[in-house]
Amino acid sequence: MSHAILDLVEQVMSSPWLYVALFALALLDGFFPVVPAETSVITAGVFAAAGDTNLALVILVAALGAFAGDHISYLIGNKSAGRLRNKKAFVWARKALEERGGLVLVVARYIPGGRTATTLTMGAVRHPLRSFTFFDAIATSSWAVYSGLIGFFGGMAFENDPIKGLLLGLGIALSITAVVEIVRWVRKKRAIKASPERLPADTSV
């Protein structure tokens, strides 16, 4: 069974249509975050170590697809501002945007669900499109390089067993995501504790 699955994956990875599929998945992931774009890029990176895919092309099409998808999400946010204002993710992204500006878009690329909330929010609050495009180019390029290289190095570590390479790559990606989430949670807790509302009132006369 595992050999049949591996053969099927290898056929997909060796197909010239792979790059079209990667572009489409990365594009859809920009406004429909359940699409497994990152997993697909990591998988393509794993098989690049064996020469079945072209790593540079994998990174390029993933970055372009994500860039296009984020701009679609921005436009959706721009047209749907009224319906988004009370959403929890929207409130979080708007606050983060106020604190960090366009840099939040780069950070949010690595937070599950954060990328879509941020791109929608930036559209809804009418963040300047030129600034959005600039920071999104950094975000999507770094994400594509990160995902492709994680898969590639996983494939290099297990050159004769791409399944183990894929599991290693996915494990690294999940670990990094977990660390980012833990750091974000800790910083949020510290910020709450240090907020002025929690400080004792001044009783001096």
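Author: Start with Leu 60, which sits in helix H4. Keep in mind that the model is predicted.

Reader: Why is Leu 60 called partly exposed?

Author: Its relative accessible area is 46%. Buried means under 20% and exposed means over 50%, so a value in between is called partly exposed. Leu 60 therefore gets that label.

Reader: Which helix gives the most to the nonpolar patch?

Author: H4 does, with 3 residues. As background, residues three or four places apart on an α-helix point the same way, because there are 3.6 residues a turn.

Reader: How do you know that the length of H4 agrees with its residue count?

Author: Helix H4 covers residues 55-79, which is 25 residues. At 1.5 Å a residue, H4 should span 36 Å. Its end C-alpha atoms are 36 Å apart, so the two agree.

Reader: What caps the N-terminal end of H4?

Author: Asn 54 does. One of its side-chain oxygens lies 3.1 Å from the backbone nitrogen of Ala 56. The cut-off for a polar contact is 3.5 Å, so 3.1 Å falls within it.

Reader: Now the charges. How many salt bridges are found in the whole structure?

Author: The search finds 3.

Reader: Why is the pair Arg 109 and Asp 70 called a salt bridge?

Author: The side chains meet at 2.8 Å, N to O. The limit is 4 Å, so the pair qualifies. Arg 109 lies in the loop between helix H7 and H8, and Asp 70 in helix H4, so parts 39 residues apart in sequence are tied together. Both Arg 109 and Asp 70 are buried.

Reader: What makes Asp 29, Glu 38 and Arg 115 one network?

Author: Salt bridges that share partners join them. Arg 115 meets Asp 29 at 2.5 Å, N to O. Arg 115 also meets Glu 38, at 3.6 Å, N to O. Both distances are within 4 Å, so both pairs count.

Reader: Are Arg 115 and Glu 38 buried or exposed?

Author: Both are buried. Asp 29 is buried as well.

Definitions and conventions: Residues numbered from 1 in each chain as written. Predicted model: local features only at pLDDT ≥ 70, side-chain atom pairs only at ≥ 80, totals over all residues. Heavy atoms only, no water. Helix = DSSP H or I, 4+ residues; strand = E, 2+ residues; numbered from the N terminus. Expected span 1.5 Å × (residues − 1). Polar contact = N/O pair within 3.5 Å; in protein donor to acceptor, adjacent residues only side chain to side chain. Buried < 20%, exposed > 50% of the residue type's maximum accessible area, 1.4 Å probe, protein only.
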